[in-house]
Amino acid sequence: MAATSRGTTPVPPESRPRLTVLSGPSGVGKSTVVAHMRKEHPEVWLSVSATTRRPRPGERHGVQYFFVSDEEMDKLIANGELLEWAEFAGNRYGTPRGAVMERLEAGEPVLLEIDLQGARLVRESMPEAQLVFLAPPSWEELVRRLTGRGTEPPEVIERRLAAAKIELAAESEFDVTLVNTSVEDVARELLALMDVV
Ligand SMILES: Nc1nc2c(ncn2[C@@H]2O[C@H](COP(=O)(O)OP(=O)(O)O)[C@@H](O)[C@H]2O)c(=O)[nH]1
Ligand SMILES: Nc1ncnc2c1ncn2[C@@H]1O[C@H](COP(=O)(O)OP(=O)(O)O)[C@@H](O)[C@H]1O
């Protein structure tokens, strides 16, 4: 494994996990890495979460997220339709259970891009899942990326940076850390961890 990863132990092919969770602080580059990976490997299935957050310009319902109202989210939770859910920086996010279970039952690799609280819940309910932490090269670079993305006002950025401190302190709970210096390198390593290439 290249210098971008920490804590990787080789896993025999027959016991490779089919469910991979990618977490990391807001702005570290999770969406960028996943988009890059799926451009070359569209067969990698990424769960589309439900969220009460408002869409950013260019985001489409059913593509980046299912954008739902508070009431719709209440129903999804009450009906047990979410594999996990969490509140992050003032909005709720959850993974639709049905689509994930279908893919897993078909033996296909599944990728969830969720926050630390969600990763912990998945670890409890599916201990065989592989938990991958995406870390920034430095704190300064994380601030630069989150600010530079220009999608959130300053008070939301502050809230996300406060969450980032908690998330960075939890890195050791993950099976593997990938440091997002190069999008291409991280995408390649994630594919290898998912046993896609
Ligand atoms: N627990 C949980 N977290 C999610 C889910 N979907 C997205 N998230 C996380 O919610 C956080 C905020 O996501 P978002 O508002 O899209 O901001 P971004 O990650 O900075 O682009 C990120 O850490 C996401 O990984 C989900 O279904 N469950
Ligand atoms: N390896 C990288 N080097 C420099 N900039 C990056 C890198 N990865 C992502 N970025 C930039 O950082 C910002 C946040 O990335 P994004 O994928 O939206 O993060 P996340 O999904 O983790 O919140 C974006 O402007 C993106 O272009």
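Buried here means under 20% relative accessible area, exposed means over 50%, and partly exposed is what falls in between, with a 1.4 Å probe and protein chains only. Asp-195 belongs to the segment after helix 7 (183-193), where helices (H or I, at least four residues) and strands (E, at least two) are DSSP runs numbered from the N terminus. The model is a predicted one, in which local features need pLDDT of at least 70, side-chain atom pairs count only at pLDDT 80 or more, and totals for chains, interfaces and linings use all residues. Residues are numbered from 1 along each chain as its sequence is written, chains are lettered from A and ligands numbered from 1 in the order in which they are written, and side-chain values use heavy atoms, with hydrogens and water left out.

Turning to ligand 1, 19 residues surround it, and the closest are Ser-26, Ser-49, Arg-53, Tyr-65 and Tyr-93; a residue is near a molecule if one of its heavy atoms lies within 4 Å of it. By class, this shell has five nonpolar, six polar and eight charged residues (Ala, Val, Leu, Ile, Met, Phe, Trp, Tyr, Cys and Pro count as nonpolar, Asp, Glu, Lys and Arg as charged, and the others, Gly among them, as polar). Strand 6 (82-88) and strand 7 (91-96) each give at least two residues to the shell around ligand 1. Two tyrosines reach oxygen atoms of ligand 1 with polar side-chain atoms: Tyr-65 at 2.6 Å and Tyr-93 at 2.5 Å. From the backbone, an N or O atom of Glu-113 lies 3.5 Å from an oxygen atom of ligand 1.

Ligand 2 has 13 residues around it, the closest being Gly-27, Lys-30, Ser-31, Thr-32 and Arg-149. Three nonpolar, seven polar and three charged residues make up its shell. An oxygen atom of ligand 2 is 2.8 Å from a polar backbone atom of Gly-27, and another backbone N or O atom, from Val-28, lies 3.4 Å from an oxygen atom of ligand 2. The side chain of Ser-31 also takes part, with an N or O atom 2.8 Å from an oxygen atom of ligand 2. Here the protein covers 75% of the 570 Å² of accessible area that ligand 2 has on its own. Helix 1 (30-40) and helix 5 (139-149) are the elements that give two or more residues to this shell, and helix 1 has the largest share, three residues.

Some single residues round out the picture. Thr-52 lies in the loop between strand 4 (49-51) and strand 5 (65-67), and it counts as buried because its relative accessibility is 17%. The side chain of Thr-52 reaches the backbone nitrogen of Arg-92 at 2.8 Å. Leu-178, in strand 10 (residues 176-179), is buried too, because its relative accessibility is 0%.

Most residues other than glycine have a negative phi. Ala-89, in the loop between strand 6 and strand 7, has a positive phi of about 45° although it is not a glycine. Asp-195 also has a positive phi, near 65°.

Conventions. Polar contact = N/O pair within 3.5 Å; in protein donor to acceptor, adjacent residues only side chain to side chain. Areas by Shrake-Rupley, 256 points an atom, 1.4 Å probe, with all protein chains shown as cover.
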